[in-house]
Amino acid sequence: MTRTLALVACMAVVAGAALWQATMGFRVVATEDGRRLAVAEAPLALPRVALALPGATTVPLPVLLAGDPRPAIVTFFYARCNAVCSVQGTELQQMQREILARGLQDKLRLLTISFDPRDALDDLARYAARMRAEPAIWQFAAVPDAAQRQALLDQVGIIVLPAEMGEFQHNAAFHIVTPDGRLAQVVDYEQPEAALAAALELAQ
């Protein structure tokens, strides 16, 4: 009986230690929460991927970010998406309106990157026009190189899975990125106000 109780106690200690580690000291309750907390505590340097922008030459992501002192709210999408991308696109439209209304265009910027290799620059330009994106505030880009594109998605935690009819299943979030190319915070895509506040705090 004593040995059984000791074994149970030992297993409980091991399980508790594993839970403590998995929840980062009982501070988070899910893997995604853990990733976001880890990013907030130790911002991640984004990989040096080459971005293609409508009407421009290919530019390394760090160069694009470093060329502007404003923090960027970065999102990932594909132009044919009629699900979560549409919701996030509407939120970004509202975010752009809020930036303009509050005179924050010199403090914040938006960058939306396609993960769909079928998205040509013309597709991005048409999408930007449909969203009424102000180029000085909201830019769109693609990552032509497949390996670089996957490296970027892996670093920011975006999972993209092929679905029927040429669609994709994917997660979404607002990624707050510093001008020196570090992912400083990840905010749920249903919390655009929180994303805006986080980016503004970084800009202060």
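Trainee: How many residues of the lining of the largest cavity are nonpolar, how many polar and how many charged?
Mentor: The model is predicted, so local features need pLDDT of at least 70 and side-chain atom pairs 80 or more, while totals for chains, interfaces and linings use all residues. Residues are numbered from 1 along each chain as its sequence is written, and side-chain values use heavy atoms, without hydrogens or water.

There is one cavity of 30 Å³ or more, a cavity being a set of points on a 1 Å grid over the protein atoms where a 1.4 Å probe fits but cannot get out. The largest cavity holds about 50 Å³ of space, the volume filled by probe spheres set on the points, which are joined across faces, edges and corners. Its lining, made of residues with an atom within 4 Å of a point, consists of Thr75, Phe77, Cys85, Gln88, Gly89, Leu92, Thr112, Tyr127, Trp138 and Phe140. Two or more lining residues come from each of E4, H4 and strand E6 (138–142), where helices are DSSP runs (H or I) of at least four residues and strands (E) of at least two. Helix H4 contributes the most to the lining of the largest cavity, namely four residues.

To answer your question, the lining of the largest cavity has six nonpolar residues, four polar ones and no charged ones; Ala, Val, Leu, Ile, Met, Phe, Trp, Tyr, Cys and Pro count as nonpolar, Asp, Glu, Lys and Arg as charged, and the others, Gly among them, as polar.

How values were computed:
On a 1 Å grid over the protein atoms alone, a cavity is a set of points where a 1.4 Å probe fits but cannot get out, and a pocket is an open set with protein on both sides within 12 Å along at least five of seven lines; lining residues have an atom within 4 Å of a point.
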